[in-house]
Amino acid sequence: MTKKYGFLGLALRLRFIQQWPAIRCIEPQSALEHIAVVNLLVLLAGKIALSNGKQVDLGKMMAYATLINVHKALGPDIPLSTQQLSPEIKKTAKKLEQIAQKRVLDTLPSQIKDSIADALSPGGYEQMLVEACDAYAGYIKHELEDKAGNKDDFWEVNSDAWKFIDKNEKKIPELTELHDWFSSRLTSCFDMLVNFNKYS
């Protein structure tokens, strides 16, 4: 009799987890939707890196992007603004994330558990670029909420994203290139998106 495992069912439950639990959203976003956004950004940033001659493993990056928030299957994060209240809260939040991540990984078959766990820490430039895309996804969410009329609730998310981008602009040029190419059309109407040459 084949043993049954819970990993995929748990991962799919990310569709029920709110990505921004402490922030009012006009357009709610699940953790699974956020992962999809990060994956799109990683694909674009990875291709930009390759076109610029960088030796990056896009498969490794996509795997990490897919799993980066898998710990949230056991519940939402402690909001960043709460973590920043004290070093003890930040340390506790990180520990809870590690415990949740391990518990989710424990629901995998032994044949693939180690390789999936390895995908959660690719290291090097690949990890840096994926985490940059994760931060940039916060900026995108701010832009979408701002366009929908929610001008105030995401200001801190936007501020944190820009601090990260500014700090890493020289280290991660792909993020700047991605922003220059795509940011001005993030909230454009459908006609402007599909007929972009007409509006360039």
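**Entry 1. Terms and model**

I take contact to mean heavy atoms within 4.5 Å. I am reading a predicted model, in which local features need pLDDT of at least 70 and side-chain atom pairs count only at pLDDT 80 or more, while totals for chains, interfaces and linings use all residues. Residues are numbered from 1 along each chain as its sequence is written, and side-chain values use heavy atoms, with hydrogens and water left out.

I looked up the confidence (pLDDT, the predictor's confidence in each residue, from 0 to 100). The chain averages a pLDDT of 90, and 98% of the residues score at least 70. Among the elements of the chain, I found the highest mean pLDDT in H2 (97) and the lowest in H8 (72). I name helices as DSSP runs (H or I, at least four residues; strands are E, at least two), numbered from the N terminus.

**Entry 2. Leu41 and the cores**

I looked up the contacts of Leu41. Not counting residues up to four places away in sequence, Leu41 touches Cys133, Tyr136, Ala137, Ile140 and Leu178.

I then turned to the nonpolar cores (sets of buried Ala, Val, Leu, Ile, Met, Phe, Trp, Tyr and Cys residues joined through side-chain atoms within 4.5 Å). For burial I use these classes: buried is under 20% relative accessible area, exposed is over 50%, and partly exposed is in between (1.4 Å probe, protein chains only). Which members of the largest nonpolar core touch the most other members? Of its 25 residues, they are Leu41, Val42, Leu129, Val130 and Tyr136. The elements that give two or more residues to this core are H2, helix H3 (58–67), helix H7 (124–147), helix H8 (155–168) and helix H9 (173–182). H7 supplies the largest share of this core, 9 residues. I also noted a second, separate core of 14 residues, which includes Ile35, Leu67, Ala73 and Val104.

I located Asn39 in helix H2. Is Asn39 buried or exposed? Asn39 is buried, since its relative accessible area is 13%. Leaving out residues up to four places away in sequence, I find Asn39 touching Met62, Ala65 and Thr66.

Leu32 also has its place in helix H2 (residues 31–51). With a relative accessible area of 31%, Leu32 is partly exposed. Together with Leu8 and Leu12, Leu32 makes a nonpolar surface patch of about 260 Å². Patches are made of residues with over 30% relative accessible area and no salt bridge; like charges are joined within 9 Å and nonpolar side chains (Val, Leu, Ile, Met, Phe, Trp, Tyr) within 5 Å. The accessible areas come from the Shrake-Rupley method with a 1.4 Å probe, and for residues only the protein chains shown count as cover.

**Entry 3. Salt bridges**

I counted as a salt bridge a side-chain nitrogen of Lys or Arg within 4 Å of a carboxyl oxygen of Asp or Glu. How many salt bridges does the structure hold? The structure holds 5.

I looked up Glu174, which forms a salt bridge with Lys54, the closest N and O atoms being 2.7 Å apart. Glu174 lies in helix H9 and Lys54 in the loop between H2 and H3, so this pair ties together parts that are 120 residues apart in sequence. Glu174 is buried at 0% relative accessible area, whereas Lys54 is partly exposed at 28%.

Lys94 and Glu97 meet through their side chains in a salt bridge of 3.6 Å, N to O. Because Lys94 and Glu97 are 3 residues apart in helix H5, about one helical turn separates them. Lys94 is partly exposed at 44%, and Glu97 is partly exposed at 24%.

Asp106 forms a salt bridge with Lys102, with 3.2 Å between the closest N and O atoms. I read Asp106 as partly exposed at 31% and Lys102 as exposed at 52%. Lys102, Asp106 and Lys113 are linked in a network of salt bridges.

**Entry 4. Two loop residues**

I found Lys72 in the loop between H3 and H4. Lys72 is buried, with a relative accessible area of 4%. Apart from neighbours within four places in sequence, Lys72 is in contact with Leu14, Ile17, Gln19, Ala31 and Asp77. From C-alpha to C-alpha, Lys72 and Arg24 are 19 Å apart in space, and they are 48 residues apart in sequence.

I placed Gln84 in the loop between helix H4 (80–83) and helix H5 (87–105). Gln84 is partly exposed, with a relative accessible area of 47%. The C-alpha atoms of Gln84 and Lys94, 10 residues apart along the chain, are separated by 12 Å.
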